[in-house]
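Student: I have a new structure open and would like to learn how to read it. Could you walk me through it, feature by feature?
Tutor: Gladly! Let's look at it together.

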Amino acid sequence: MAIFEATKKFLLDHQHIAKVQVVSLGCGSDSLFWRLCADTDVDSRSSYFAFVEIDFPDSAARKAERIRQDALLSASVGSLETGTDPWEGEILHSDRYILMGCDIRDTGSLMTRISRVTKRRLPTMVISECVLCYLEPRTTDMLTSKLVSHFDDLSWISYDPVGSEDSFGRRMVENLAQRGCGLPGIHRDLQGCTRPFHNAGFCTVHVADMLTVYNMILDTNQRRRIERIEFLDELEEWNLVMKHYALLWASNAPSPTPPFDFTKHRTESRANISAPHHPYVR
Amino acid sequence: MEGRESGLDMNLGVGLDLDGFLVRLRRGEVLHEAEVRSLCWRAREILIEEPNVLLVDAPVTIAGDVHGQYFDLMELFLVGGDVPATRYLFLGDFVDRGYYSVETFLLLLTMKVRWPDRVYLIRGNHESRQITQVYGFYDECVRKFGSATVWRFCTDLFDYLSLGALVGGKVFCVHGGLSPSISTLDQIRAIDRKQEVPHDGAMCDLMWSDPEVMDGWALSPRGAGFLFGGDIVAQFNHTNGLDLIARAHQLVMEGYKEMFDGKLVTVWSAPNYCYRCGNVAAILSLSSDLQWRYHVFEAAKVDAKNAPRKQPVLEYFL
């Protein structure tokens, strides 16, 4: 939801002003593009934004098949262009949506292909949702520095697990490793998450754990909507889990406008948190 | 056989082989539905006679939430000592979240019926029809027995569990915490407890409230019960002549957590909660003269058959 809100704000900030680009690394089966198109505030018909989704070729191929088979999904994508050059290797391509099969660890190839389908001067937002944690740190370093060097006006929103050194974090790393899922890119703390972005040259980097984002940054109406969907009373575990995920926003713009007020801080007393809607109470 | 407790369930004529049940349950075996019926009927007869506030003699070992973590319950007994040599008081939340709520609750219940004055059970907020349908016990019963019948036996029995305990006249034990409707133990004694956990009111608060570093009362972010501060605890202890409130209900990474200059302690007995929290667990031993000691323990590494534990399904954002 935080990524949706951040991307929506990015689009709305430029709506009717400029063309923009969104590049989603490791998109998986994410439906962000379609949710944005369906949002009544976003003018998707004017095609002022181009959405580029990138994942492993086999994953992208499965997604493409799903899109082609579904009338609603295809409708948002628009008329698909065919041909090889300059879209060679792209699995789906329209005037507003590109689905690319590419291993992002091959940063050289990735940058070549991104350059072909985007314009470096247009405001661009990169999204990585549970992606950087799976990459070796040096790969993330290369990705961040190549992308920030390439685009004149780049912002990046990233969501990843964090906190590998405490008992919950160590157990999470062990549990996932036992299932063959390594987390070579997980950072020990929030500060660690910002390092690749600072090192790459982003002027502004903000990070917060998801508990902070949920309690302080998302507005009350959004939280109440979520709390009505499912009853949750075990807050200690919720707090623990949420503290082990981080939302990061970085920008190389001279006057950046973060999607959220990352400077909001309140004491963590639970008495400050408004009582959720209890489904059993009138 | 000498020393065996047996009895007939008047309704169904199924014998209660409690020692046999214990052998099987300690092996991690589940009882048959008819056996559960008899056990619950017999347990009801015992629990119905117990007061809202159990009077428990020290020495006793107090355990917090177990939440169906059967193998960790075995670990708890290794650390605290076997029943009946050690007297235990469990503070509720026997079921839900863990994968062996059935085995866990049936074992504790059998021990209660076999040794009623060596095992004491009070009610937690998860001993509830509504909550167990959300957090796993209902689903586990249907999976293991093929129907909801055993779940109904157990949830009907939950209505008979006591609301709290008083150890040595000085240590008040409750699952959650205090209520703005309650200032004396006698007010707890006056509650009609034989009902589903209400959505609000005194009985609900006892099972849902949490202490908080503040003064006075506040709405609970759980959506039931209240938050209560150090001044409330000091006043309650003073009014009722208590040295300590021992409660559970909240995950504590270190297994136990004292608050308000030692006037209240949270005891949590489910290590590596939900197989992912990475916490240790604790039990609180009270000696005959009410000196208290904590025993901290970790999650069990192997199951009863000495094989590596089955890997449970995990919930992480990936």
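Student: Let me start with charges. How many salt bridges are there over all chains?
Tutor: First, keep in mind that this is a predicted model. As for the general idea, side chains of opposite charge can pair when their charged atoms come close. Here the count over all chains comes to 32 salt bridges.

Student: Which residue forms a salt bridge with Asp13(A)?
Tutor: That partner is Lys9(A), and the closest N and O atoms of the pair are 3.0 Å apart.

Student: And why are Asp13(A) and Lys9(A) separated by about one helical turn?
Tutor: Because they sit four residues apart in helix α1 (residues 2-14) of chain A, about one helical turn lies between them.

Student: Now to where the chains meet. How is the size of an interface given?
Tutor: It is often given as the accessible area lost when the parts come together. In this model, about 3200 Å² is buried between chain B and chain A, and carbon and sulfur atoms give 54% of that area. Pro221(B), Phe317(B) and Leu318(B) supply 21% of what chain B buries against chain A, more than any other three residues. The contact takes 30 residues from chain A and 38 residues from chain B.

Student: How many salt bridges does the rule find across the interface of chain B and chain A?
Tutor: It finds four. In a salt bridge you can look up, the side chains of Arg222(B) and Glu236(A) meet, at 3.7 Å from N to O. There are also eight residue pairs in polar contact between chain B and chain A, counting pairs with both residues at pLDDT 80 or more.

Student: Which element gives the most to the side of chain B that touches chain A?
Tutor: That is α5(B), with four residues. Both α5 (129-135) and β8 (217-219) of chain B supply at least two residues each to this side. By class, the residues of this side divide into 21 nonpolar, 11 polar and six charged.

Student: Finally, the backbone. Where is the peptide bond cis, with omega near 5°?
Tutor: Look at the bond from Ala58(B) to Pro59(B). Pro59(B) is in the loop between β1 (53-56) and β2 (60-63) of chain B. Val83(B) and Pro84(B) are also joined by a cis peptide bond, with omega about 0°. You will find Pro84(B) in the loop between α3 (70-80) and β3 (88-90) of chain B.

Student: Is phi of His16(A) positive or negative?
Tutor: Positive: phi is near 65°, in a residue other than glycine. His16(A) has its place in the loop between α1 and β1 (20-25) of chain A.

Notes: Residues are numbered from 1 along each chain as its sequence is written. Chains are lettered from A and ligands numbered from 1 in the order in which they are written. This is a predicted model: local features need pLDDT of at least 70, side-chain atom pairs count only at pLDDT 80 or more; totals for chains, interfaces and linings use all residues. Side-chain values use heavy atoms; hydrogens and water are left out. Contact means heavy atoms within 4.5 Å. Buried area is the accessible area (1.4 Å probe) that two parts lose on being put together, summed over both. A polar contact is a pair of N or O atoms within 3.5 Å; within protein, one must be able to donate a hydrogen and the other to accept it, and residues adjacent in sequence count only if both atoms are side-chain atoms. Ala, Val, Leu, Ile, Met, Phe, Trp, Tyr, Cys and Pro count as nonpolar, Asp, Glu, Lys and Arg as charged, and the others, Gly among them, as polar.
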